[in-house]
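I'd like to walk through one structure, so please have it up on your screens.

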Amino acid sequence: MNQEECKLCLKQKKLENSHIIPSFVINWLKKTSLTGHLRNPNDSNRRIQDGQKIKLLCRDCEAIFSTYESQFNRKIFMPYVNNHMDLSGEIVKDGSLKYDTWNLKFIISLQWRIFSLGMENFIRADNDPNPHTELIKKTNEHFRRYLNSETTNTGNNNTYILFLRNINNYNNVKQLDLSPKLNHYLIRSYDASFIYNNSQLFYFSKIGPIAFITSILPNKLVGYPDSRVKLKGAISVIQKWLNEDLNHFIFVKRPKQMDLLRKKTENQKAQIEKAIGQNLHRKNDTMTLHVTYSDFLRSGIDD
Ligand SMILES: [Zn+2]
């Protein structure tokens with residue numbers, strides 16, 4: 001039996017295939033897509049059956065994560081998409097969703113899975129080195145200890161949930177130069193990225209129409225008064241977003257970056273296929289970890 005180190009408990013064990021993007025998100029995207037399948041834009045003929053998986057956790061740790069996932073799915077994700085949102089992604093009903101300690105655990109488990117694994121190399125649209133490498137390592141290790149119940153807090157940071165929605169009816173949006181696939185990006189994609197400059201660092205991820213920001217530097221976000229996740233409480237689905245810089249990232253800059261990445265990937269793929277033939281997609285199983293990660297991101301938009 002092959003034993004490897006579980007990335008969470010650090011014990012030598014047989015590792016399970018873990019989803020990076022939770023399966024309930026993939027299932028919802030499939031169920032609500034035109035065709036009932038997810039389509040990988042890197043290869044329009046190939047359907048992703050079950051999201052991408054990676055050997056990451058032992059069975060015990062995987063079981064812990066899946067209880068958080070299932071609570072988040074039943075008490076936040078499904079109620080939001082089914083009860084508060086219509087088919088166009090507009091919020092049609094105000095209200096708030098109750099949560100308990102599983103909420104923060106779920107979000108941190110998602111952020112940890114994504115950001116402890118080197119994904120940032122593939123999602124950076126510029127070539128500037130991230131100046132916060134040491135802080136990121138330290139934060140990820142603290143997250144690991146929190147998720148493994150070695151500490152009761154997430155460290156010196158705060159986490160926020162944003163309920164995204166179709167923004168066609170907002171007047172000020174019409175004046176901006178936006179991605180032609182903006183609503184698709186906001187509602188129907190998954191994504192992850194560090195947001196940073198020399199003095200700030202945020203972990204950003206989204207699964208369908210729900211986004212998460214963990215504010216590392218500074219440790220609190222200004223301008224999202226209704227979005228902060230506490231240990232337990234209730235969170236409103238209609239929120240004030242007053243942080244111009246982060247709004248610009250989420251609604252303007254990032255969707256355009258994703259458009260560019262998608263185009264670049266399509267071009268590269270066409271060139272490689274031309275050079276080595278049409279069977280590239282069959283070799284996916286043997287590709288390196290890193291290539292798999294880049295696929296998570298670039299396949300995050302379905303039909
Ligand atoms: Zn483990």
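When I say helix or strand, I mean DSSP runs numbered from the N terminus: H or I over at least four residues for helices, E over at least two for strands.

Quick housekeeping before I go on. This is a predicted model, where local features need pLDDT of at least 70 and side-chain atom pairs count only at pLDDT 80 or more, while totals for chains, interfaces and linings use all residues. Residues are numbered from 1 along each chain as its sequence is written.

The overall picture, then. The protein has nine helices and twelve strands. Of its 303 residues, 34% are buried. Buried here means 20 or more other C-beta atoms within 10 Å of the residue's own; 12 or fewer is exposed, in between is partly exposed, and the C-beta atoms are placed from the backbone. As for contacts, I call two residues in contact if their C-beta atoms, again placed from the backbone, lie within 7 Å. Among contacts between residues at least 6 apart in sequence, 71% join residues at least 24 apart.

Back to M85. M85 counts as buried because it has 22 C-beta neighbours inside 10 Å. Skip the neighbours within four places in sequence, and M85 is in contact with Y80, E90, I91, V92, R165 and P209. Its C-alpha is 9.4 Å from that of N166, which sits 81 residues away along the chain.

Now pick out R165 from that contact list. R165 lies in the loop between strand 8 (158–163) and helix 6 (171–174). Buried or exposed, for R165? R165 has 23 C-beta neighbours inside 10 Å, so it counts as buried. Leaving out neighbours within four places in sequence again, its contacts are M85, G89, E90, I91 and P209. Take E90: 75 residues separate it from R165 along the chain, yet their C-alpha atoms are 5.5 Å apart.

Okay, helix packing. Helix 2 packs on helix 3 (residues 102–115) at about 115°, with the axes 9 Å apart. Those axes are lines fitted to C-alpha atoms over the stretch in contact, and the angles run from 0 to 180 degrees between N-to-C directions. So helix 2 is roughly perpendicular to helix 3. On the helix 2 side the contact residues are F65, Y68, E69, Q71, F72 and I76, and they meet W102, N103, K105, F106 and S109 in helix 3. By type, that contact has six nonpolar, three polar and two charged residues. For the record, Ala, Val, Leu, Ile, Met, Phe, Trp, Tyr, Cys and Pro count as nonpolar, Asp, Glu, Lys and Arg as charged, and the others, Gly among them, as polar.

Helix 3 also packs on helix 5 (residues 133–147), at an angle of about 135° with axes 10 Å apart. That makes helix 3 oblique to helix 5. The residues of this contact split into seven nonpolar, three polar and two charged.

On to the strands. Strand 10 (residues 200–207) is mostly covered, with seven of its eight residues buried. On one pairing, strand 9 (residues 190–197) runs antiparallel to strand 10 over eight bridges; pairing means DSSP finds at least two bridges between two strands. A hairpin through two residues joins strand 9 to strand 10, and A192 stands opposite S205. Strand 10 also pairs with strand 11 (residues 210–217), antiparallel over seven bridges. There, L201 has L217 as its bridge partner. The hairpin of strand 10 and strand 11 has two residues between the strands, and G208 in it takes a positive phi near 55°.

Most residues other than glycine have a negative phi, and most peptide bonds are trans. The bond from L217 to P218 is cis, with omega near -5°, and P218 is in the loop between strand 11 and strand 12 (233–236). L10, not a glycine, has a positive phi of about 65°. With 12 C-beta neighbours inside 10 Å, L10 counts as exposed. S149 also has a positive phi, near 55°, and lies in the loop between helix 5 and strand 8.

Conventions
Parallel < 35°, antiparallel > 145°, perpendicular 65-115°, else oblique.
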